[in-house]
Amino acid sequence: MRAEPRTDPRALLAELWQTGVDAVRGDRCVAAALARLGTNRPDCIIAVGKAAGAMAIAAYRCFGPDIPGLVVSKYGHLDDIALPPVAEVIETAHPMPDAGSLAAGQRLIEMVEGLTADSHLLFLVSGGASSLAEAPVDGLTLDDVAADNARLLSQGLDIHAMNRHRITRSRIKGGKLLARFAGARVTVMAVSDVEGDDIGIIGSGLGAVPAALAARSETHIIASNAIARTTIADAAKDAGLTVQANAEALYADVETAADRIAKAINAPGLYIFGGEPTVVLPDAPGRGGRNQALALLLAQHLQNTPGVTALVAGTDGTDGPTGDAGGFADHMLWGAGAADALARADAGTYLAAHDALFTCGPTGTNVMDIALVLVEPTP
């Protein structure tokens with residue numbers, strides 16, 4: 001970390017954000033967990049979620065390239081990951097499921113049900129799995145699932161409420177997938193993208209182990225928002241910054257989250273916030289996601305506050321249906337058209353026009369969102 005990087009606040013925030021994200025990368029966390037736990041060689045590796053590729057490659061590096069497996073992830077999130085030929089790969093859509101999501105759900109069922117009585121399954125799950133793999137209950141079609149997802153996403157519900165609903169309409173979520181496992185042992189490792197790090201909520205409980213399962217089981221949360229934020233705080237202190245706040249405080253609608261952050265800023269230093277805000281969408285939303293909306297809302301609060309720069313971004317490297325992770329904000333960003341962009345859920349277009357988008361590409365993890373605010377000392 002640079003000793004005195006404050007001349008470029010955006011670069012500093014991006015560097016700190018990336019440091020936190022790197023600490024919870026799927027490959028790094030799986031490798032560390034396997035070594036720490038002394039996990040025995042599995043007979044099958046299944047990975048589902050936005051971090052699935054990174055998590056799976058760590059397992060293959062540890063145990064060798066000849067273990068049958070299935071890796072399900074978002075389009076583009078496996079481009080730079082060289083999985084062995086024995087690993088079947090399915091890329092599907094997020095946040096809206098597509099036909100590939102149903103194909104992935106069916107293959108998950110087939111893989112789990114096909115394992116022998118003495119088998120050991122290593123199941124790796126991360127956020128995004130709810131959309132990436134689905135097997136709807138009888139009578140529901142892909143159109144039904146997609147319409148349901150669109151309705152849930154537009155209503156501003158938190159992830160707990162959405163996933164509780166999704167579980168009722170799925171044959172694999174909420175522990176129903178691993179209920180089909182008739183082997184001897186299952187080891188679940190999860191990168192958490194939910195408040196409370198509940199395996200029953202991550203990926204709508206795709207990796208949840210039902211209480212009645214006869215197999216030996218163990219579940220480990222190996223990465224979380226808290227770990228990323230702590231890493232950022234440590235890096236900031238090493239850079240000579242005062243960490244004024246480090247809190248998982250973004251569980252609110254984006255307007256409330258922006259107001260909460262603005263009220264917390266009261267002294268020079270770095271403010272770190274984590275979590276996952278919600279946003280209510282109009283019928284025809286524009287470009288952007290919750291992080292881009294939150295960045296623009298922060299800009300509204302910062303109009304008369306020079307010397308303050310913010311970065312809000314999703315740790316998976318994407319924000320909503322876009323390829324951007326989030327956006328920057330400062331006292332110069334808010335202007336004509338900003339309020340209209342927010343009303344149309346089109347913050348991304350406004351941020352792009354003002355050179356304020358933050359784009360980093362897929363990160364190999366997904367631990368919700370991180371907002372960083374740097375308050376520089378008054379000259």
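The model is predicted. The protein contains 12 helices and 12 strands. Its radius of gyration is 21 Å, close to the 21 Å that the globule rule gives for 379 residues, so the protein is as compact as a globular protein of that length. Six of the strands form an open sheet with parallel pairing, and 6 strands form an open sheet with mixed pairing.

**Overall dimensions and surface**

- Taken along the principal axes, the C-alpha atoms fill a box of roughly 70 × 45 × 35 Å.
- Buried residues make up 57% of the 379 residues of the protein.
- The accessible surface comes to about 14400 Å², and carbon and sulfur atoms contribute 52% of that surface.
- Among contacts with a separation of 6 or more, 76% are between residues 24 or more positions apart.

**The parallel sheet**

- The strand order in this sheet is S3-S2-S1-S4-S5-S6, and the pairing is parallel.
- Strand S3 (87-92) and strand S6 (216-223) are the edge strands, and each pairs on one side only.
- On average, neighbouring strands of this sheet are turned by 15° against each other, direction ignored.
- Strand S2 (residues 69-74) runs parallel to S3 and is joined to S3 by 6 bridges. Within this pairing, Gly 69 has Ala 87 in S3 as its bridge partner.
- Helix H2 (residues 26-37) packs on the sheet and touches strand S4 (120-126), S5 and S6. The direction of H2 makes about 135° with that of S6.
- Helix H4 (residues 99-113) lies across strand S1 (44-48), S2 and S3, and runs at about 150° to S3.

**The mixed sheet**

- The strand order in this sheet is S7-S8-S12-S9-S10-S11, with mixed pairing.
- S7 and strand S11 (357-358) stand at the edges with a single partner strand each, so one side of each is left without a neighbour in the sheet.
- Strand S7 (residues 243-247) pairs with strand S8 (residues 269-275) in the parallel sense, over 4 bridges. In this pair, Asn 246 stands opposite Ile 272 in S8.
- S7, helix H9 (residues 254-264) and S8 together make a right-handed β-α-β unit.
- Strand S9 (residues 308-314) and strand S12 (residues 369-375) run antiparallel and are joined by 7 bridges. Leu 311 stands opposite Leu 372 in S12.
- Helix H1 (residues 9-23) lies across S8, S9, strand S10 (326-329), S11 and S12, and runs at about 35° to S9.
- Helix H8 (residues 225-238) lies across S7, S8 and S12, and runs at about 170° to S8.

**Backbone details in the loops**

- The peptide bond from His 94 to Pro 95 is cis, with omega near 10°. Pro 95 is in the loop between S3 and H4.
- Asp 197 has a positive phi, near 55°, although the residue is not glycine. Asp 197 sits in the loop between S5 and S6. Its relative accessibility is 29%, so Asp 197 counts as partly exposed.
- Met 368 is also a residue other than glycine with a positive phi, here near 70°. Met 368 belongs to the loop between S11 and S12. With 2% relative accessibility, under the 20% cut-off, Met 368 counts as buried.

**Lys 176**

- Lys 176 is in the loop between helix H7 (159-168) and strand S5 (185-191).
- The relative accessibility of Lys 176 is 31%, so Lys 176 counts as partly exposed.
- Beyond its neighbours within four places in sequence, Lys 176 is in contact with Ile 167, Thr 168, Ser 170 and Arg 171.
- Lys 176 and Lys 74 are 102 residues apart in sequence, and their C-alpha atoms are 22 Å apart in space.

Note on methods:
Residues numbered from 1 in each chain as written. Predicted model: local features only at pLDDT ≥ 70, side-chain atom pairs only at ≥ 80, totals over all residues. Heavy atoms only, no water. Pairing = 2+ DSSP bridges. Helix = DSSP H or I, 4+ residues; strand = E, 2+ residues; numbered from the N terminus. Right-handed = clockwise from strand over helix to strand, strands pointing away. Rg over C-alpha atoms; globule rule 2.2 N^0.38 Å. Buried < 20%, exposed > 50% of the residue type's maximum accessible area, 1.4 Å probe, protein only. Contact = heavy atoms within 4.5 Å. Areas by Shrake-Rupley, 256 points an atom, 1.4 Å probe, with all protein chains shown as cover. Axes fitted to C-alpha atoms, helices over the stretch in contact; angles between N-to-C directions.
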